[in-house]
Amino acid sequence: NLMIDTKHFDTAFKERLVASIENLDNQTNGFMLNSENFQALNFITETYQNRIDMTYIDPPYNAKSSEILYKNTYKHSSWLSLMNNRLESSRVLLADKFVFVIAIDENEQEVLGQIINDIFPELKKACITIVHNPRGQQGRNISYTNEFAFFVYPNDSEKYLSDVKKAEIDSRNLRDSGTESDRTDAATCFYPIIIRDRIIIGIGEVPPDDYHPSGANVELEDGTIEIWPIDESGKEKKWRYSVSSVNAILSKLEVKQGRNYLQIILNQDLGTMRSTWVDAKYDASEYGTKLLQHLFGADYVIKYAPDLYPKSLYTEKECISIGQNGNVNAITLDYFSGSGTTGHAVVSLNRDDNGNRKYILVEMGEYFDSVTKPRMQKVVYSADWKDGKPLNRNTGVSQIIKYMTLESYEDALSNIQLDDDTHGMLGLFSDDYMIHYMLDLESSGSLLNLDAFRDPFSYRMKITEKNECKERPVDVIETFNYLIGLTVTHQGATVSFTTKANNDGEYEGAVNLVKDAFGQYSFRQIEGTLPDGRRALVIWRTVSDNIIESNAALDAYFRKYRVNPFDREYDIIYVNGDNNLENLRTDDEAWKVQMTELEFKSRMFEEE
């Protein structure tokens, strides 16, 4: 179960490995983005719109000891803007049935509640208290031992939050009491429970309205006893569960001797979530900070994450479990992921019940590579750690994690270049500049630098890492997948096609010919489904100045894979570069071709 990071292997091996995995996105368990979270939320919108079942975030509390880094006179309003923008952006990602949990302390709890009211006015909002620091945070007048968690969900007309385990089992009579507890209040809740030797052996049927049993306990000729919901005064009442649903709780029912007759007792080990959580397992020091030290070693955490204050793993497990309400296939999003406790909690829940929950983590901190991602690799490999070493190597789980870094605002600045034709400092204040990595105002009236799409496999841009700016490869292919919201079913490896002219001057294409042939072109295809259900094929290729030769190679490639036994039917095909692919469409096919550059331009630079 050791995690293998494909970045340590060459591109060809990585592509072959990924190509061997069918339904790639569905098979992927975790998705991690090293990015500023507002940008990340916009980046994943097309792919995950209306798909997020559970969101848990632990945003900065804006406390005196760790105020956000804005001008002093704007700290509070900046925090409000930060939260408002991100909550607004993440709203479109929520599924129809969802639960949104936001952790907060006393510094911003009141105003956060007002933001929630503004953004989610029609939703139900509940604020609970969690004792996370039983020792107390020292203050002049008040020592805080608790923080808060807002639970936001659609309404109270149905069950969105699962019941939780009680500290003590609650036992009560299965027979209903109080108002609306008579037989006539719910006819389907009046039936006999059949026992033998004080063991429940069956459930009887609901009798006709004119049938009245002789008492609470009716002994039958075969030695069994019918127990009816009849009280001490002989009045016909009803059970708390209907005849159609009582089987689901049979394991919690027990036969006990009452004052005058045998009764059915319901032993409940679960109950509705309480508004105050008090338990040693919620201690953020013991099961948050110290747990992180067990994973990496105390010295490592002090060096790489001295200012991280993670939640208790069990606090997040409880929140996520309650919010998912039994959905073991839920997708959980955390866009303030810090050290990765949310991902750890999801993996731990899956380990407990063999579930298939997925998680999306977003973190912009420099510790993403030193703490957040390594933490997920460790918890997948083993459930328990101490001093940075696994205590048991047999508790690993199967997992595919995809991680990526998104371009930062600083990276965008690094890639802005002044036009060489600008004159002096006036150029700084004119429109004669370009964003070199994508925009080119001089490129034949197009906002896109088309040269970047001639060889999408070698695309590079300037990236600043550790105060050093270097050119780094950029994954244009993966970027495009998220721009169009493609759920990838198959991602092929790069193949090469070569072309040469025949005696008539026409180009012929073949696969993997020797490199000294006339022209060599690389191709890679991605298959998947768009958000609207259309099936899509994306073909990426290198394009030369000889467009006839380039398209001959494309046609040869397409013919080759069209007769492939694994060929699929598509609704739309994306291809970079001018092409005549639609000429190969047969009469019984209806797919359309879209030029990748035009879609890129529309998605990135034009408002809808």
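Is Glu-180 buried or exposed in this structure? Glu-180 is exposed, with a relative accessible area of 64%, where exposed means over 50%, buried means under 20% and partly exposed is anything in between (1.4 Å probe, protein chains only). Keep in mind that this is a predicted model: local features need pLDDT of at least 70, side-chain atom pairs count only at pLDDT 80 or more, and totals for chains, interfaces and linings use all residues. Residues are numbered from 1 along each chain as its sequence is written, and side-chain values use heavy atoms, with hydrogens and water left out.

**The whole protein**

- Out of 608 residues, 48% count as buried.
- Take the contacts (heavy atoms within 4.5 Å) between residues at least 6 apart in sequence: 69% of them join residues at least 24 apart.

**Cysteines**

- Searching the whole structure turns up 0 disulfides, a disulfide being a pair of cysteine sulfur atoms within 2.5 Å.
- Cys-127 is partly exposed, at 32% relative accessible area, while Cys-189 is buried, at 8%.

**Helix 9 and helix 10**

- Two packed helices are described by the angle between their axes and the distance between the axes.
- Helix 9 (residues 341–353) packs with helix 10 (residues 372–381) at an angle of about 15°, and their axes are 9 Å apart.
- That angle makes helix 9 roughly parallel to helix 10; angles under 35 degrees count as roughly parallel, over 145 as roughly antiparallel, 65 to 115 as roughly perpendicular and the rest as oblique.
- For these angles, axes are lines fitted to C-alpha atoms, for helices over the stretch in contact, and the angles run from 0 to 180 degrees between N-to-C directions.
- Helix 9 and helix 10 have a right-handed crossing: a crossing is right-handed if the near helix is turned clockwise from the far one by less than a right angle, and left-handed if anticlockwise.
- On the helix 9 side you'll find Thr-341, Gly-343, His-344, Val-347 and Arg-351, which meet Arg-375, Met-376, Val-379 and Val-380 in helix 10.
- The residues of this contact of helix 9 with helix 10 split into 4 nonpolar, 3 polar and 2 charged; here Ala, Val, Leu, Ile, Met, Phe, Trp, Tyr, Cys and Pro count as nonpolar, Asp, Glu, Lys and Arg as charged, and the others, Gly among them, as polar.
- Why call helix 10 largely enclosed by the rest of the structure? Because 9 of the 10 residues of helix 10 are buried, including Thr-372, Pro-374 and Tyr-381.

**Helix 3 and helix 12**

- Helix 3 (residues 37–48) and helix 12 (residues 476–483) pack at about 65°, with 7 Å between their axes.
- Phe-43, Glu-46, Thr-47 and Tyr-48 of helix 3 meet Thr-479, Asn-481, Tyr-482 and Leu-483 of helix 12.
- Sorted by class, the contact of helix 3 with helix 12 has 4 nonpolar, 3 polar and 1 charged residues.
- Helix 3 also holds Asn-37, which is buried at 8% relative accessible area.
- Not counting residues up to four places away in sequence, Asn-37 touches Arg-86, Tyr-335, Phe-336 and Val-362.

**Residues with positive phi**

- Glu-180 isn't a glycine, yet its phi is positive, at about 50°; look for Glu-180 in the loop between strand 6 (164–173) and strand 7 (193–196).
- Asn-325, also not a glycine, has a positive phi near 50°.
- You'll find Asn-325 in the loop between helix 8 (313–324) and strand 14 (331–334), and at 32% relative accessibility it counts as partly exposed.

- Asn-576 sits in the loop between strand 28 (572–575) and strand 29 (592–595), and it counts as buried, at 0% relative accessibility.
- Asn-576 and Arg-454 are 122 residues apart along the chain, but 7.7 Å separates their C-alpha atoms.
- Leaving aside neighbours within four places in sequence, the contacts of Asn-576 include Phe-453, Trp-540 and Glu-597.
- Pro-473 lies in strand 22 (residues 468–473) and counts as exposed, at 61% relative accessibility.
- Pro-473 touches Tyr-459 and Arg-460, not counting residues up to four places away in sequence; C-alpha to C-alpha, Pro-473 and Tyr-459 are 5.7 Å apart in space and 14 residues apart in sequence.

How values were computed:
Helices (H or I, at least four residues) and strands (E, at least two) are DSSP runs, numbered from the N terminus.
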